[in-house]
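Let's take a walk through the charged pairs of this protein. Have the sequence and the 3D view ready.

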Amino acid sequence: MAYTISNKPLTHDDFVYLQDQLEKHATGHSIAGVSEMDGFFAAVMSCAEVIAFDRWYPAFWGGPELLPKWTSERDFQRFFDLLVQHMNQIAMLMADYPDDYSPIFNLADDDETLDVVDWCLGYERGVALDGGWTELPEQQGLLHALIVMQTLEYTEAEADNPLAGQDPAQLIRYAALGLHEYWSQQREEEVPELQPVRVDTKVGRNDPCPCGSGRKFKQCCMGAASS
């Protein structure tokens, strides 16, 4: 029986669960936290082409050889559903309610300002899945540069940056929405409007693994971690 994964906002407990699982299955190359995850999906939902699960899911973990081994089918299903629910939420807000869209940034060490670096690193992970970003027009290229520059090490040259002193969080939000709008216009006549993700069935032990490996779920992501 088909079921529709919600596009409602995740709760605090949902985010805590996701963070716990990200830390539990960390590889050193995977997405490390909720802010980076949020940036990753903002880019995935803004790409020129629709990025299929079997492309973004391995990239999420740092490569197909680094996929986690889930020992609990229930944990995998909840994690998977929450990821897609958050993607649906981002897609809906960016497309239909941009005024309500707000990226998830970490709190800086001073506990007062927002740290946008992890979000921007996640965004660039998503950008890497689609080669179309190398051909952005000048205006959109400048928007993308606002995000890229946050991932670079600070240099003395940045002291002359005309954007220095402006709120990075607001700049990144502005850039993300502008880039999403641009790519949406580019694919408007090519792809149907994004709809909430529908999943035909929950993943069973003997079903093909949703990571795209071609193996059964119990023999792939569901399998016990190798010692």
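Is R125 buried, partly exposed or exposed? This is a predicted model, and in it R125 has 22% relative accessibility, so it counts as partly exposed. The cut-off for buried is under 20%.

Now look at what R125 is doing with its side chain. It meets the side chain of E36 in a salt bridge, with 2.9 Å from N to O. R125 sits in helix α5 (residues 117-127) and E36 in helix α2 (residues 34-44), so the pair ties together parts that are 89 residues apart in sequence. As for E36, its relative accessibility is 10%, so this residue counts as buried.

Why might such partners find each other? Side chains of opposite charge can pair when their charged atoms come close.

Next, find D14 and R78. They form a salt bridge too, and their closest N and O atoms are 3.6 Å apart. D14 counts as buried because its relative accessibility is 13%, while R78, at 36%, counts as partly exposed.

One more pair is worth a look: E49 and R55, whose side chains meet in a salt bridge at 3.1 Å, N to O. E49 has 38% relative accessibility and so counts as partly exposed. R55 is partly exposed as well, with a relative accessible area of 31%.

That brings the count to 3 salt bridges.

Conventions
Residues are numbered from 1 along each chain as its sequence is written. This is a predicted model: local features need pLDDT of at least 70, side-chain atom pairs count only at pLDDT 80 or more; totals for chains, interfaces and linings use all residues. Side-chain values use heavy atoms; hydrogens and water are left out. A salt bridge is a side-chain nitrogen of Lys or Arg within 4 Å of a carboxyl oxygen of Asp or Glu. Buried means under 20% relative accessible area, exposed over 50%, partly exposed in between (1.4 Å probe, protein chains only). Helices (H or I, at least four residues) and strands (E, at least two) are DSSP runs, numbered from the N terminus.
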